[in-house]
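I opened my notebook today to look a protein model over, piece by piece. Here is what I looked up, in the order I went.

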Amino acid sequence: MVDLHCHGAAGAGFPDDDVDGVRAATAHHRAHGTTTLVASLVSAPAAVLRERLALLAPLVHAGELAGVHLEGPFLSVARCGAQDPAALLPGDPDLLRALLATGVVVSVTLAPETARAAELVAVLREHGVLPSFGHTDASAGVTTAAVRAAAATGRLSATHLFNGMPPMLSRAPGPVAACLAAAARGELVVELVADGVHLAPETVAAVFDLVGPAQVALVSDAMAATGMPDGAYRLGALSVEVAGGVARLAGGEGPGAIAGGTARLVDVVRSTVAAGVPLADAVLAATATPAGLLGHDDVGRLASGARADVLVTDPDLNPTAVLRAGAWVHREES
């Protein structure tokens, strides 16, 4: 499986932990069948982002991670979700170039309405980095125009569709309708955090019916609490409380915003199948579709010439063995 959007696991987060913690998080997901993993950061001051990229770079160069995803900082304050609003910035192509100069960033989430958004997309194309529209308060018209312009120059995605954006209404269809229509036209791939928390099962099934599995990338959006008990955690600079397996920002009045997920990608696949999506479609959306977004044809498929990555499960889709690059990284005792 190929996870494009993951913030951590096993008590450690990619945005804020040391190398040992990052390795533990990577190993946790790998043992559960995610053989290609992109490490997601959250919005933070430029100096912090540079520091995190430098820390993660050796793992990318060693092939332990498939790259880094920058979720921000060029996002909408109105739809920041579990992003630190103090760290959000209007579009800055020079800062983006500096962050991409590390050579390990493979995708960047930006709001289509941010300042100089078209320039940001152009910079991403210069570096072969995937643009992903998300955390946006844009209208359907603004989103559609941005998608059509960006799709004309290469691969494109929408970060966790429905989450971090206004709901689709009859007279204000917003980015949700624009992205669904674009996905149906084959212009972009929509991410879905189909973990039973971020989206209703009926929503997940409807998106698959509307756009098909080749235009859906299932993602975990997992954070440090994945594989851990309920309790207090962090997501970047923000405090998170996990209760009943649901991660929310802590410290405010009432329930805080959902702050990432606590499911692995295999758990997301299981939830997707439980929602009524055919197993083959759910698997495609967790393998070949995200691999294609990254521009990789050597992972996410079982074929001659591809990397020998295999996930074996029991009938309930619980992992029993994981092969990565021809070596067993997990095998349950028989």
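I call two residues in contact when they have heavy atoms within 4.5 Å of each other. By that rule, and leaving aside neighbours within four places in sequence, Val-266 is in contact with Met-1, His-32, Leu-311, Leu-317 and Pro-319. I noted that this is a predicted model, in which local features need pLDDT of at least 70 and side-chain atom pairs count only at pLDDT 80 or more, while totals for chains, interfaces and linings use all residues. I also noted that residues are numbered from 1 along each chain as its sequence is written, and that side-chain values use heavy atoms, with hydrogens and water left out.

Where does Val-266 sit? I found Val-266 in helix H8, residues 265-274; helices (H or I, at least four residues) and strands (E, at least two) are DSSP runs numbered from the N terminus. Val-266 counts as buried because its relative accessibility is 3%, and buried means under 20% relative accessible area, with exposed over 50% and partly exposed in between (1.4 Å probe, protein chains only). Pro-319 is 53 residues from Val-266 in sequence, yet their C-alpha atoms are 7.8 Å apart.

Entry two: the pockets. Rolling a probe the size of a water molecule over the atoms shows where empty space is left. On a 1 Å grid over the protein atoms alone, a pocket is an open set of points where a 1.4 Å probe fits, with protein on both sides within 12 Å along at least five of seven lines, and lining residues have an atom within 4 Å of a point. Grid points are joined across faces, edges and corners, and a volume is the space filled by probe spheres set on the points.

I read about 370 Å³ for the largest pocket. It is lined by 20 residues, and Met-1, Val-283, Thr-287, Val-310 and Leu-311 are the closest to its centre. H8, helix H9 (279-286) and strand S14 (310-313) each give two or more residues to that lining. The lining of the largest pocket holds eleven nonpolar, five polar and four charged residues; Ala, Val, Leu, Ile, Met, Phe, Trp, Tyr, Cys and Pro count as nonpolar, Asp, Glu, Lys and Arg as charged, and the others, Gly among them, as polar.

The second largest pocket has a volume of about 280 Å³. Nearest its centre, among 20 lining residues, are Gly-81, Ala-82, His-135, Gly-164 and Ile-258. I sorted this lining into eight nonpolar, nine polar and three charged residues.

How many residues of H6 (174-184) are buried? I got nine of its eleven, including Gly-174, Pro-175 and Cys-179. Their cover includes helix H5 (140-151), strand S8 (157-158), strand S9 (189-192) and helix H7 (201-211). Gly-186 follows H6 and has a positive phi, near 85 degrees.

Gln-215 lies in the loop between H7 and strand S10 (216-218), and I have Gln-215 down as buried because its relative accessible area is 16%. Not counting residues up to four places away in sequence, Gln-215 touches Ala-183, Gly-186, Leu-188, Val-189, Val-190 and Thr-289.

Ala-263 is in the loop between strand S13 (246-249) and H8. Is Ala-263 buried or exposed? Ala-263 is buried, with a relative accessible area of 13%. Its C-alpha is 6.0 Å from that of Thr-226, 37 residues apart along the chain.
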